[in-house]
Amino acid sequence: TGEFTWNKELQGLLLGSFFWGYLVLQVPGGMLSERYGPRRVVFYTMLPAAVLGLVSPVSARLNPWLFLVVRVLIGVGESALYPAAQALFARWSPKSERSRLVGVSLSGGQFGNALIFPIGGLLCSSVGWDSVFYVMGAIGFVWCIIWWFLVFDSPALSTRISPLEREYIQHHVTFRDGQKQQPKPWGAIFSSLPFWAILLAHTCGNYGLYMLLTQIPTYMKEVLKFDLKSNGAFSMLPYLTMWFCISCAGTVSDILIVRKILPYLWVRKLMSSIGTFGPAICLIGVTFMDCTQQIAAVVLLCGTVGLSGVAFAGYIKFKIFFRMMGTMREKKK
């Protein structure tokens, strides 16, 4: 009954096309951020993504394959954000505060996912589906401008913090402006068991998260039989739960580490285990639900998506830990 008569195969391609582009700058984005600074990398990749969001409705009406190309390019633009964030955290976060800083920062992504479902449903039902792209594209454009003027690559370059805060941060991080970039030890990286463990955990975790992100609205509509507005409201709940879990997991991790209740390594392993096995158990439960068990299905989806956020204090923190250790080894040399 919508504007487009796209079959399921084409819908699947369009939903997946963003993630094809999202692969492109995952590794180069981090390397570029280390070389040129995360502030520039994020600005010059996210600004085109915001502009492409604004032209998405036009491309969809012209040709679905043109829309697919636009979605791929938006994915390319957004793919540098998380790698650049890792470089930013390494420069700004003291070890004793890292879990909270990373947890609160990255939980913003899940809070945004939660907001877009009810807002998108309201815009679609009251204004039109294309208004979602115009509103989000405009917000993205304004966000890029704010980012450029408020964010700095390191404490040494910031004009918005006190000398005391600058000295404190620089004393507790290993990064120094102007330090020489060492050749990447690719052989050591690809022969490292911790690297493969993080890669496997990230792959499995993100597969589940992005599958749910694209398919929860369809599941709510076609299986649980929610209308458009209810769909948006209930689709929001799993990501609000995830936002809450990310924030709590980061705080709990720091407490366990600072108070020496558990070793650093075991804290990360514990959070990774909860953030992977917990969602798996809940998702198995979802398979037994139908439209007569709407509330139970939503609760299980909240557990599936929400508990995934605990892993943000697990294998995602390991990435920053190993980046820090690599910098320390370079300094010793």
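**View 1. Confidence along the predicted chain.** The mean pLDDT of the chain is 84, and 92% of the residues score at least 70. Helix α4 (residues 64-78) has the highest confidence in the chain, at 95, whereas helix α14 (residues 315-332) has the lowest, at a mean of 51. The pLDDT is below 50 over residues 324-333. Beyond near neighbours in sequence, this stretch of residues 324-333 has seven contacts in the model.

**View 2. Packing of helix α3 against helix α5.** Helix α3 spans residues 38-62 and helix α5 spans residues 81-92. Their axes lie 9 Å apart and form an angle of about 160°. Because this angle is over 145 degrees, α3 counts as roughly antiparallel to α5. The crossing of α3 and α5 is left-handed. On the α3 side the contact residues are Pro38, Val42 and Met46, and on the α5 side they are Leu81, Ala84, Leu88 and Arg91. Sorted by class, this contact has six nonpolar residues, one charged residue and no polar residues.

**View 3. Packing of helix α10 against helix α13.** Helix α10 covers residues 193-222, and helix α13 covers residues 294-308. The two pack with their axes 11 Å apart, at an angle of about 165°. The angle therefore makes α10 roughly antiparallel to α13. α10 and α13 cross in a left-handed sense. From α10, the residues Leu209, Leu212, Ile216, Tyr219 and Met220 take part in the contact. Their counterparts in α13 are Ala297, Val298, Leu301, Thr304, Val305 and Ser308. By class, the contact of α10 with α13 comprises nine nonpolar and two polar residues, with no charged residues.

View 4. Valine 310 is located in the loop between α13 and α14. Its relative accessibility is 9%, so valine 310 counts as buried, the cut-off being under 20%.

Conventions
Residues are numbered from 1 along each chain as its sequence is written. This is a predicted model: local features need pLDDT of at least 70, side-chain atom pairs count only at pLDDT 80 or more; totals for chains, interfaces and linings use all residues. Side-chain values use heavy atoms; hydrogens and water are left out. Axes are lines fitted to C-alpha atoms, for helices over the stretch in contact, and angles run from 0 to 180 degrees between N-to-C directions. Helices (H or I, at least four residues) and strands (E, at least two) are DSSP runs, numbered from the N terminus. Angles under 35 degrees count as roughly parallel, over 145 as roughly antiparallel, 65 to 115 as roughly perpendicular and the rest as oblique. A crossing is left-handed if the near helix is turned anticlockwise from the far one by less than a right angle, and right-handed if clockwise. Contact means heavy atoms within 4.5 Å. Ala, Val, Leu, Ile, Met, Phe, Trp, Tyr, Cys and Pro count as nonpolar, Asp, Glu, Lys and Arg as charged, and the others, Gly among them, as polar. pLDDT is the predictor's confidence in each residue, from 0 to 100. Buried means under 20% relative accessible area, exposed over 50%, partly exposed in between (1.4 Å probe, protein chains only).
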